Structure formats: structure tokens, C-alpha cells
Amino acid sequence: MPIPTAHPNGSPAGATNGRPARPGADQPHAVSVVVPIYRGEETIGGLVEELHRLTDPTDTPGGVAFTVGEIILVHDHGPDRSDVVLQELEQTYPEVRIVWLSRNFGQDAATIAGMSAAQGDWIVTMDEDGQHDPAFIGAFLDAALTERADLVYSKPTNTRPHGFLRNITSRGAKVVLATIFAFPDSTRFESYRLIRGDIGRQLAEVASNGAYLDVALTWVVGSVAQVPVTLRAEGREESGYNYRRLFSLFWKMVLCSGTRGLRLVSLLGVTLALAGGVMAAFVVYEALTADNWAPEGWASMIVVLLLCSGTILFSLGLIAEYLGVALHILVGKPLYLTVGSPTPRPADNREMTTTTASRGNDRVEH
């Protein structure tokens with residue numbers, strides 16, 4: 001979306017009677033779409049083509065006019081040739097803008113980097129794999145305006161296009177966060193979302209290293225809505241997420257959800273202390289009341305020792321994880337870092353060398 005320019009009389013472009021134009025009243029709502037790219041070589045072209053159709057003014061199901069003013073593609077240094085495809089898309093579609101990250105920072109950091117560059121009234125975040133249908137953007141906007149919500153999540157109505165084990169694991173992780181860690185908002189977290197533009201941009205400015213986007217949104221957004229969507233099959237055979245990366249995301253969400261984890265450690269310590277006191281009282285009682293009684297069962301004692309030792313080490317590890325997040329913030333580790341252009345590929349270097357040599361020959365001939 002271009003930055004408004006001033007008229008000769010000093011009022012901004014699109015202004016009505018000397019006042020700024022109002023989205024939805026004097027002009028369509030401007031939507032910026034942010035897509036983090038990790039392995040999008042095969043799928044991002046089709047998604048951009050679909051989004052391009054929405055660059056012309058379009059009406060939502062509720063009759064509200066909007067337009068996709070810009071498509072921000074954030075290159076997150078995946079293993080494929082996504083950078084080459086992104087450069088081609090930038091040359092083909094005028095609304096496409098590329099944000100180049102200096103290395104792989106992860107989906108959340110890449111999304112936040114794109115949000116910081118967005119200029120629209122609303123920001124839509126989508127996945128690169130094609131399972132998110134851009135046709136639902138209008139319904140998102142209707143829900144935001146009708147329910148006065150600054151954040152709208154998609155609510156899939158069909159089974160996710162993943163394997164059974166991954167779906168069960170993902171659902172179980174959200175249930176654990178909602179119950180054990182007392183974070184009920186986690187059950188509606190989705191990467192297909194619509195965010196009010198000024199909130200998204202300001203959040204991107206203050207987000208620090210280790211921030212989990214959906215958790216950070218709960219800190220600054222009051223009203224949240226959901227819109228039923230139908231997920232499509234992914235446009236590639238293999239998902240960009242393995243179980244190690246999924247567990248890493250789950251653990252990051254735990255650490256960012258607050259100090260509930262530390263409280264659970266304290267509660268666990270109190271529970272074990274009480275259990276030890278009860279066991280000690282039982283041993284003393286039996287020793288005083290029973291004849292020739294002595295506690296038996298070395299195997300049981302070893303099990304108890306291993307259980308307690310494991311609990312202590314887990315608790316120390318959890319505390320260390322919290323301290324690690326605080327340390328990264330303290331030393332100034334950035335959430336992401338952008339660069340002006342992608343790292344040149346070997347083929348590009350050879351091409352540049354050939355071009356330089358040919359220019360040198362031309363100069364020699366002249």
C-alpha cells in the first residue's frame with residue numbers, strides 16, 4: 001500500500017473536506033498480507049497469484065470494500081530455492097515486497113519481521129504451503145468490524161491436512177497449555193489470522209527475543225473473534241515442520257506464557273515434601289507400635305530416589321530455561337535481523353563472473 005502523499009493545499013491524499021480518509025467509508029480497507037517463507041519454492045507462486053486477484057477493490061460477504069495493498073514475503077533461509085522464486089515474484093507483481101532475513105530465525109520471528117514492514121489498516125498472516133484460502137480474508141474483516149475485534153483467528157472446520165499422529169500431538173499440546181499451564185487462549189491459536197494494523201506494527205517494534213507471537217498478542221489485544229475456515233491440502237508432499245520443530249514451538253509457548261511453569265515447580269516441591277513427611281511419619285509409627293519391625297524394599301527406595309532426583313533435575317532445567325530467555329534479552333540478542341538482499345548463490349556468482357569477463361573483453365576490443 002503506497003504511503004499517502006499530500007495535495008497542493010496541504011491535506012493528505014484521499015482526505016475528505018480536510019480530514020483524513022476513513023477506511024471503509026471514504027476508501028476501501030487496506031490489507032497487508034504477511035507470509036513467512038521457509039520452504040515455499042513450490043507453493044508460494046500459486047498463493048501470490050490468488051492474492052493478486054484481491055488487489056482490486058473487493059467486497060466482503062458483509063458488503064465492506066477492501067483491497068490487498070501489499071504482499072510481504074519474508075525469506076527465512078529455508079533449504080530450497082525460495083529466494084530465487086521470491087525475486088521472480090517481486091519482478092512480476094508490483095504489490096509484492098520481500099523482507100530478507102540474515103539467517104533462519106523461525107516462523108514467529110519471520111512473521112513479526114513482516115508485520116513491522118506492513119503499512120495496511122489490517123495485517124493478515126498466512127502460511128506458505130497453500131492450506132490457507134485467501135477467500136476467507138473478507139470474512140475475517142467482517143468479523144473484526146461486526147464484533148469490534150482487533151484480532152481474528154481462523155477456526156478450522158475440517159481435519160487438518162496432516163498425519164493422524166501430528167494432529168493428535170498438536171491438539172494434546174494445546175490441551176496441556178490450557179489446563180496444566182492455565183492458558184486457555186492457546187486452544188484458538190492459529191497462524192491464519194487478521195490483526196489490526198497499528199497494533200501489529202507496534203507489537204513488532206517491542207517484541208524481544210524469545211517472543212511467541214500469539215502469546216504476545218494476548219498481552220495487547222482485548223477482543224478476539226474466530227471465523228470458521230476450511231483448510232486445503234498442502235501444495236507439497238512433505239511438511240516444513242518435523243516433530244522436533246513442533247516440540248520446540250510448544251516449549252517456546254510454555255516459556256512465554258508466564259510464570260505458571262515456575263509455580264508448578266514450587267507446587268511439585270511442596271507435594272514431594274508433604275509425601276516425604278507422610279512416609280516418615282508412617283515409618284516412625286510402625287517402628288514404635290510393631291514388634292521387630294523394619295522398613296523393607298530396597299527396590300521401592302531406589303524408585304523413590306530416582307523419581308525425586310528426576311523431578312529436581314527437571315525443575316532446575318525449567319528454571320534454567322527461564323533464565324536463558326532472560327539472558328538473551330539482557331545481552332540484546334535480536335529477535336530477527338534483516339538484510340538488503342539475499343545471500344548470492346554459487347550460480348549467481350558464476351554468472352556475475354562471466355558477465356564481468358565479457359564486459360572486460362568488450363573494453364579490450366574497443
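1. E49 is partly exposed, at 42% relative accessible area (buried is under 20%, exposed over 50%, partly exposed in between, with a 1.4 Å probe and protein chains only). E49 forms a salt bridge with R53, with 3.9 Å between the closest N and O atoms (a salt bridge needs a side-chain nitrogen of Lys or Arg within 4 Å of a carboxyl oxygen of Asp or Glu). R53 counts as exposed, at 56% relative accessibility.

2. A word on the basis. This is a predicted model, in which local features need pLDDT of at least 70 and side-chain atom pairs count only at pLDDT 80 or more, while totals for chains, interfaces and linings use all residues. Residues are numbered from 1 along each chain as its sequence is written, and side-chain values use heavy atoms, with hydrogens and water left out.

3. The structure holds 8 salt bridges. One of them joins R232 to E50, with the closest N and O atoms 2.9 Å apart. This pair links distant parts of the chain: E50 is in helix 1 (residues 44-52), R232 in the loop between strand 8 (224-229) and helix 8 (243-256), 182 residues apart. Helices (H or I, at least four residues) and strands (E, at least two) are DSSP runs, numbered from the N terminus. R232 is partly exposed, at 24% relative accessibility.

4. Another salt bridge pairs R97 with E70, the closest N and O atoms lying 2.6 Å apart. R97 is in strand 4 (residues 96-101) and E70 in strand 3, so the pair ties together parts 27 residues apart in sequence. Elsewhere, salt bridges that share partners join E50, D133 and R232 into one network.

5. Strand 1 (residues 29-37) is mostly covered, with 9 of its 9 residues buried. In a regular strand the side chains alternate between the two faces of the sheet. Here both faces are covered: H29, V31, V33, V35 and I37 are buried on one side, and A30, S32, V34 and P36 on the other.

6. Strand 1 runs parallel to strand 3 (residues 65-75), joined by 9 bridges (strands pair if DSSP finds at least two bridges between them). P36 stands opposite V74 of strand 3. Strand 1 also runs parallel to strand 5 (residues 122-125), with 4 bridges. There, V31 stands opposite W122.

7. The whole structure has 2 aromatic pairs (rings of Phe, Tyr and Trp, its six-membered ring, with centres within 6.5 Å; planes under 30 degrees apart are stacked, over 60 edge-to-face, the rest tilted). F140 and Y192 have ring centres 4.8 Å apart and planes at 50°, so the pair is tilted. F140 lies in helix 4 (residues 137-146) and Y192 in the loop between helix 5 (164-179) and strand 7 (193-196), so the contact ties together parts 52 residues apart in sequence. F140 is buried at 0%, and Y192 is buried at 1%.

8. Y153 and F189 form a tilted pair too, with ring centres 6.0 Å apart and planes at 40°. Y153 is in strand 6 (residues 151-156) and F189 in the loop between helix 5 and strand 7, so parts 36 residues apart in sequence are tied together. Y153 is buried at 1%; F189 is buried at 5%.

9. R103 lies over the face of F105, at 4.1 Å from the ring centre (the criterion is NZ of Lys or CZ of Arg within 6 Å of the ring centre and within 35 degrees of the ring normal).
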